[in-house]
Amino acid sequence: MGKLQLEHTLKGHKGRIWGIAWHVNGVIFASCGEDKTIRIWGVSDNVWTTKTILSDGHQRTIREISWSPCGQYLASASFDATTAIWSKTSGEFECNATLEGHENEVKSVSWSNLGGLLATCSRDKSVWIWEVVGDNEFDCAAVLNSHTQDVKRVVWHPHKELLASASYDNTIMMYSEGACDWDCVATLSSHTSTVWGIDFDSTGDRLVSCSDDKTLKIWRSYKPDEEECFKENTWKLICTISGLHTRAIYDVSWCKITGLIATACGDDAVRILKEDESSTKNEPTFSLETAEDKAHMQDVNAVKWNPKVSGQLLSCSDDGTIKIWKFVE
Amino acid sequence: MPTEIENINPNVYGKCKERIITENEEDENVVDPFDAREIFDLIRNINDPEHPLTLEQLHVVQEDLINVQDKNNEVHVNFTPTIPHCSMATLIGLSIRVKLLRSLPARFKVTVEITPGTHASEQAVNKQLADKERVAAALENKHLTEVINQCISMKA
């Protein structure tokens, strides 16, 4: 059994903290929340401090932030119905573009693996794909209306231009660019309530999802030529993890280095799951490695594994704190 | 706010007696966990959005339908809309939620749900009230917050 060690507790935001995001270099991260600001944190001599505060970009709560793969840009999704793009080209972070079009709250934002595309989703039930056409210039490439309810999260595939979205309508959808347009290519149904979080594993062949129904689900992609005789590419549910979480699960992060899964739950806990050694390809099994029951004083809203430092985990909460954890075997 | 009142003649019930405050409750040194009666006292005087009556007088909230687990930081409130198609159900539930969020210590997890079997869109309303992201977004709406504040404010 492993263990989570608390390394740092950081304060700065006023009120609820909704989102956290590691920079690709793993030594900087950003956070956002209901105080309408973004904080960029850095470390020196093992002390984490706010390096920059980005304010005045949004009129309402900032729900999520996402770094571009090149590390030069930061995108922020806000309840004010806009997405802002920040960059450091002049030395200081500045808001250089504001993407408008959604009818109401933008819930999530994500950059594609090569950084050429940006996806946003909203309570208006739509998913938008934006093409980066120049420095601070974005064109809308698609408006996808497949979901029937509030869309909570968008996440790109780690290697391909395949987009996944999760919704209040209990489903997950996948989109890719066909001959002429972007299309919904798969609908993943099984959760019995809102799907809050999704994350791919390092290969991109599997996806984990977390829900208000208190379960985690693992989905696998099958190609037509595989032994299972599928005619087309399809995503299939291969594992449901229930009984571990006592309230809604708001976020899930699948570590690309270690393969560990971390969850953020409304019961204040952070949990770490590991795939069993006896696990099989078509029916994998996962076990709880450790649970930090009182990780925060209130709901945990997000968890993110460090992309460079193995076992380092970020969490943030309604209690207004950010915590940095180290997972040790 | 609706132009027409949906339930023209609701049943009106009497108010319950004021709580008798015991000596122990006044003693700061005695640990006094939250109970159903205290939660009831916090929400019984919330005003109905369409009638000049309180939720208690309309039997929308009742002490029996409140469950408190102080040790587990849990408060569960069932509320009963006056009619099964009440379009005010979400607003009433939101008012109860906001009142409890403002009054109780942050450690409490507050669940507000429609009394099972008493509303046509019970599941949809419950799901919306349980979605803290949508509740947070709703509370950033100035107009809605004003309406909720009116419901919550005690009449002189």
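A:Ser66 touches A:Tyr73, A:Leu74, A:Ala75, A:Val109, A:Ser110 and A:Trp111, leaving aside neighbours within four places in sequence; contact means heavy atoms within 4.5 Å. The model is predicted, so local features need pLDDT of at least 70 and side-chain atom pairs count only at pLDDT 80 or more, while totals for chains, interfaces and linings use all residues. Residues are numbered from 1 along each chain as its sequence is written, chains are lettered from A and ligands numbered from 1 in the order in which they are written, and side-chain values use heavy atoms, with hydrogens and water left out.

**A:Ser66**

- A:Ser66 sits in strand E6 (residues 62-67) of chain A; strands (E, at least two residues) and helices (H or I, at least four) are DSSP runs, numbered from the N terminus.
- A:Ser66 is buried, at a relative accessible area of 12%. Buried means under 20% relative accessible area, exposed over 50%, and partly exposed in between (1.4 Å probe, protein chains only).

**The interface of chain A and chain B**

- On the chain A side, 27 residues are in contact with 15 residues of chain B.
- The two chains bury about 1700 Å² between them, and carbon and sulfur atoms give 41% of that. In chain A, the residues that lose the most area to chain B are A:Arg60, A:Tyr168 and A:Arg247, together 33% of what that side buries. Buried area is the accessible area (1.4 Å probe) that two parts lose on being put together, summed over both.
- Between the chains, 17 residue pairs are in polar contact, both residues at pLDDT 80 or more. The side of chain A that touches chain B has five nonpolar, eight polar and 14 charged residues. Ala, Val, Leu, Ile, Met, Phe, Trp, Tyr, Cys and Pro count as nonpolar, Asp, Glu, Lys and Arg as charged, and the others, Gly among them, as polar.
- A polar contact is a pair of N or O atoms within 3.5 Å; within protein, one must be able to donate a hydrogen and the other to accept it, and residues adjacent in sequence count only if both atoms are side-chain atoms.

**Salt bridges**

- Side chains of opposite charge can pair when their charged atoms come close. A salt bridge is a side-chain nitrogen of Lys or Arg within 4 Å of a carboxyl oxygen of Asp or Glu.
- The structure holds 28 salt bridges over all chains. Across the interface of chain A and chain B there are 10.
- A:Asp150 and B:Arg134 form a salt bridge at 3.3 Å, N to O. A:Asp150 lies in the loop between strands E13 (137-144) and E14 (151-156) of chain A, and B:Arg134 in helix H5 (residues 132-139) of chain B. Both A:Asp150 and B:Arg134 are buried.
- A:Lys152 pairs with B:Glu133 in a salt bridge, the closest N and O atoms being 2.7 Å apart. This pair runs from strand E14 of chain A to helix H5 of chain B. A:Lys152 and B:Glu133 are both buried.
- B:Lys132 forms a salt bridge with A:Asp299 at 3.2 Å between the closest N and O atoms.
- Within chain A, A:Asp201 and A:Arg206 meet in a salt bridge (3.2 Å, N to O). A:Asp201 is buried at 6% relative accessibility.

**A:Asp267**

- A:Asp267 lies in the loop between strand E23 (261-265) and strand E24 (270-275) of chain A. A:Asp267 is buried, at 13% relative accessible area.
- The side chain of A:Asp267 makes polar contacts with the side chains of A:Thr246 (2.9 Å) and A:Arg271 (2.8 Å).
- Beyond neighbours within four places in sequence, the contacts of A:Asp267 include A:Arg247 and B:Lys109.
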